[in-house]
Amino acid sequence: MGALLLPHQPPLCSADLPTVGGRPGAEPEDFVVDEIPLYPASGKGEHWFVRVRKRLRTTPDMIEAVARAAGVSARDVGYAGMKDKQAVTTQWISVPAGCHRVEAWALPLGIEVLETARHDNKLRTGHLLANHFRIRLVGVQDEPLPRARAILHRLTERGLPNYFGAQRFGRDGSNLSLAVEWLLNGGQNKRGKRGRFYAKLYPSVIQAEVFNRYLSARLERGGDRLLE
């Protein structure tokens, strides 16, 4: 392709307010994500639901490690969504009940099992209610709390446009160019064991970019104006 296609940059909804300054901390523990499941495990069925904590690992890396430990194919491991690498995250996955005993799994450093339960179905993309984030800012300006409260008051009054964030677009936004190239090549899967992963990732990247551009155009008309 030619020049790198960068993702749309959404406008700040509090650009007119004083900022708190600072930046997210550099340690994985400064960015913590906990997945909230869409439904509880039933306690019976042909799958194990396993809650996993990972640190400095991508979700595909974790899935491959679990598949090896459980003695199943990575295709048999279900998950509801992707979680950040530069972070400490928890999420639920599913494995067939006929796998190796969870207690006997030998997982690499940075991946651990927190709890298990039986359930009837495999976890699928989207089977989550929400993600809970805890983000630590360092190097903030003096007296940051009044500034933060003013921003939160603005968000409470007007809400927050639900843009897709930078995580969807990868390091330096490079996923968008790769996704468009993939689309122009007819959506051909990359080869190797990550082919199925990219076949799911790239359409979602393009969808997110279209959504973000539409949302900005929508807000330019006035976010409180209803459209037919």
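Good morning. I begin with Thr89, which is found in strand 5. The model I am presenting is a predicted one, and every value I quote has been computed from it.

Is Thr89 buried or exposed? Thr89 is buried, because its relative accessible area is 0%, and the cut-off for burial is under 20%. Which residues touch it, once the neighbours within four places in sequence are left aside? Thr89 is in contact with Val33, Val52, Arg53, Lys54, Lys83 and Asp84. A further pair gives a sense of distance: Thr89 and Ser42 are 47 residues apart in sequence, and their C-alpha atoms are 24 Å apart in space.

Let me turn to the strands around this residue. Strand 5 covers residues 88–96 and pairs with strand 3, residues 47–55, in the antiparallel sense. Nine bridges make up that pairing. As one example, Arg55 has Val88 of strand 5 as its bridge partner. Strand 3 is also joined to strand 6, residues 111–119, by eight bridges, and these two strands likewise run antiparallel. Here Lys54 has Ile111 of strand 6 as its bridge partner. Lys54, you will recall, is among the contacts of Thr89. As a general point, side chains in a regular strand alternate between the two faces of the sheet.

Now to the loops at these strands. Glu46 lies in the loop between strand 2, residues 31–37, and strand 3. Glu46 counts as exposed because its relative accessible area is 58%, where the cut-off is over 50%. Beyond its neighbours within four places in sequence, Glu46 is in contact with Val95, Pro96, Ala97, His119 and Asp120. How far is Glu46 from Val20 in space? The two are 26 residues apart in sequence, and 50 Å separate them, C-alpha to C-alpha.

Arg101 has its place in the loop between strand 5 and strand 6. With a relative accessibility of 56%, Arg101 is exposed. Between the C-alpha atoms of Arg101 and Ser204 there are 34 Å, and along the chain the two are 103 residues apart.

How many cavities of 30 Å³ or more does a search of the whole structure find? The search finds one. The space in the largest cavity is about 50 Å³. Lining it are Glu35, Pro37, Leu38, Tyr39, Phe49, Trp92, Leu123 and His127. By class, that lining divides into six nonpolar residues, one polar and one charged.

We move on to the helices. Helix 3 spans residues 174–184, and its buried residues are Asn175, Leu176, Ser177, Ala179 and Trp182. What covers these buried residues includes helix 4, residues 195–220. After helix 3 comes Gly186, with a positive phi near 85 degrees.

Glu143 has a positive phi, near 50 degrees, and is not a glycine. Its position is the loop between strand 8, residues 137–140, and helix 2, residues 144–158. The relative accessibility of Glu143 is 62%, so Glu143 counts as exposed. Asp172 is likewise not a glycine, yet has a positive phi of about 55 degrees. Asp172 lies in the loop between helix 2 and helix 3. Asp172 counts as exposed because its relative accessibility is 65%.

Finally, I place these details in the whole. The protein has four helices and eight strands. Read from the N terminus on, the elements run β-β-β-α-β-β-β-β-β-α-α-α. The C-alpha trace spans about 55 × 45 × 40 Å along its principal axes. The protein has 228 residues, and 34% of them count as buried. What share of the contacts with a separation of 6 or more comes from residues 24 or more positions apart? That share is 83%. The accessible surface comes to about 14,400 Å², and 54% of this belongs to carbon and sulfur atoms.

Thank you for your attention.

Terms used
Residues are numbered from 1 along each chain as its sequence is written. This is a predicted model: local features need pLDDT of at least 70, side-chain atom pairs count only at pLDDT 80 or more; totals for chains, interfaces and linings use all residues. Side-chain values use heavy atoms; hydrogens and water are left out. On a 1 Å grid over the protein atoms alone, a cavity is a set of points where a 1.4 Å probe fits but cannot get out, and a pocket is an open set with protein on both sides within 12 Å along at least five of seven lines; lining residues have an atom within 4 Å of a point. Grid points are joined across faces, edges and corners, and a volume is the space filled by probe spheres set on the points. Ala, Val, Leu, Ile, Met, Phe, Trp, Tyr, Cys and Pro count as nonpolar, Asp, Glu, Lys and Arg as charged, and the others, Gly among them, as polar. Two strands pair if DSSP finds at least two bridges between them. Buried means under 20% relative accessible area, exposed over 50%, partly exposed in between (1.4 Å probe, protein chains only). Contact means heavy atoms within 4.5 Å. Accessible areas come from the Shrake-Rupley method with a 1.4 Å probe; for residues, only the protein chains shown count as cover.
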